[in-house]
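Please open the model in your viewer and keep the selection panel to hand. The tour moves from one selection to the next and says what is found at each stop.

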Amino acid sequence: MSQPNGVPHFDTIEDAIASFAAGKFIIVLDNEDRENEGDLIIAASALTPAKAAFLVRHTSGYVCAPLTPARAAELELPQMVTSNEDPNRTAYTITVDAAEGVTTGISAKDRSLTCRLLADRSATKASFRRPGHVVPLQAREGGVRVRAGHTEAAVEFCQLAGMEPVGVIAELVEEGEVLEGKGALGGEIGMMRRDSCLRFARRYGLCCVSIDGLVKYLDGGGKGKGKSS
């Protein structure tokens with residue numbers, strides 16, 4: 001996390017790629033006129049049970065696995081619905097669990113196994129049971145320059161890092177305040193926006209970048225810092 005003059009700022013895309021390739025989470029924000037949210041993103045092949053537990057603890061817990069159209073076809077993952085009414089046309093497929101080695105499929109351990117299996121080139125349709133507790137998302141061909149979404153950003157970072165093009169994403173949420181004896185949270189309990197994401201990144205030693213910065217980096221042929229303001 002860059003901190004010129006003690007103020008956190010976005011990291012470079014180069015630093016984010018290096019961190020991603022090392023199997024770490026990165027935080028990626030989309031544009032303010034879109035979802036204006038920050039997602040924790042990691043390569044599916046790097047998602048250990050401990051990292052999956054961190055992901056579930058700090059996010060909505062709705063764990064999605066972006067992959068390429070080719071991978072979706074290989075695993076015979078059809079779209080969840082025939083008429084997609086999602087505002088951003090997120091291409092949800094049917095949900096899956098690993099067919100073996102899991103119990104209910106919902107635990108961090110189970111979901112990490114399912115995600116790693118999605119990135120395993122030896123896995124086939126028979127490697128999964130349906131429905132399940134992980135939501136594959138089919139990325140758009142052309143990546144973030146065609147659709148500036150977290151789905152495409154996850155696949156782009158996998159490719160830039162030389163990893164199997166299957167990622168894992170979930171939206172960061174505010175922690176809120178514990179209300180003792182109430183069984184509820186108070187304070188800010190919505191989605192994390194830019195400044196909260198930057199503070200979170202600093203707290204946990206993560207790189208934080210934007211999709212806008214990634215697009216600039218790609219448009220520059222992989223040269224330049226690709227930072228956003």
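Which residues form one aromatic cluster? Select Phe25, Phe54, Phe200 and Tyr204, which together make up that cluster. Before going further, note that this is a predicted model, in which local features need pLDDT of at least 70 and side-chain atom pairs count only at pLDDT 80 or more, while totals for chains, interfaces and linings use all residues. Residues are numbered from 1 along each chain as its sequence is written, and side-chain values use heavy atoms, with hydrogens and water left out.

**The aromatic pairs**

Across the whole structure, a search finds six aromatic pairs, a pair being rings of Phe, Tyr or Trp (its six-membered ring) with centres within 6.5 Å, called stacked if the planes are under 30 degrees apart, edge-to-face if over 60 and tilted otherwise. Show phenylalanine 25 and phenylalanine 54: their ring centres are 5.7 Å apart and their planes lie at 35 degrees, so this pair is tilted. The pair links distant parts of the chain, 29 residues apart, since phenylalanine 25 sits in the loop between α1 and β1 (26–29) and phenylalanine 54 in helix α2 (residues 49–58); helices (H or I, at least four residues) and strands (E, at least two) are DSSP runs, numbered from the N terminus. Phenylalanine 25 has 6% relative accessibility and so counts as buried (buried is under 20% relative accessible area, exposed over 50% and partly exposed in between, with a 1.4 Å probe and protein chains only).

Next, select phenylalanine 200 and tyrosine 204, another tilted pair, with 4.7 Å from centre to centre and 45 degrees between the planes. They are four residues apart in helix α6 (residues 194–204), and therefore separated by about one helical turn. Phenylalanine 200, at 4% relative accessibility, counts as buried, whereas tyrosine 204, at 29%, counts as partly exposed.

**Helices α1 and α5**

Now colour helix α1 (residues 13–21) and helix α5 (residues 150–160), which pack at an angle of about 80 degrees with their axes 9 Å apart. The two are therefore roughly perpendicular to each other (the class for 65 to 115 degrees, with under 35 roughly parallel, over 145 roughly antiparallel and the rest oblique). Ile13, Ala16, Ile17 and Phe20 of α1 meet Ala154, Phe157, Cys158 and Leu160 of α5 in this contact, defined by heavy atoms within 4.5 Å.

Staying with α5, nine of its eleven residues are buried, so the helix is largely enclosed by the rest of the structure; among them are His150, Glu152 and Glu156.

Conventions. Axes are lines fitted to C-alpha atoms, for helices over the stretch in contact, and angles run from 0 to 180 degrees between N-to-C directions.
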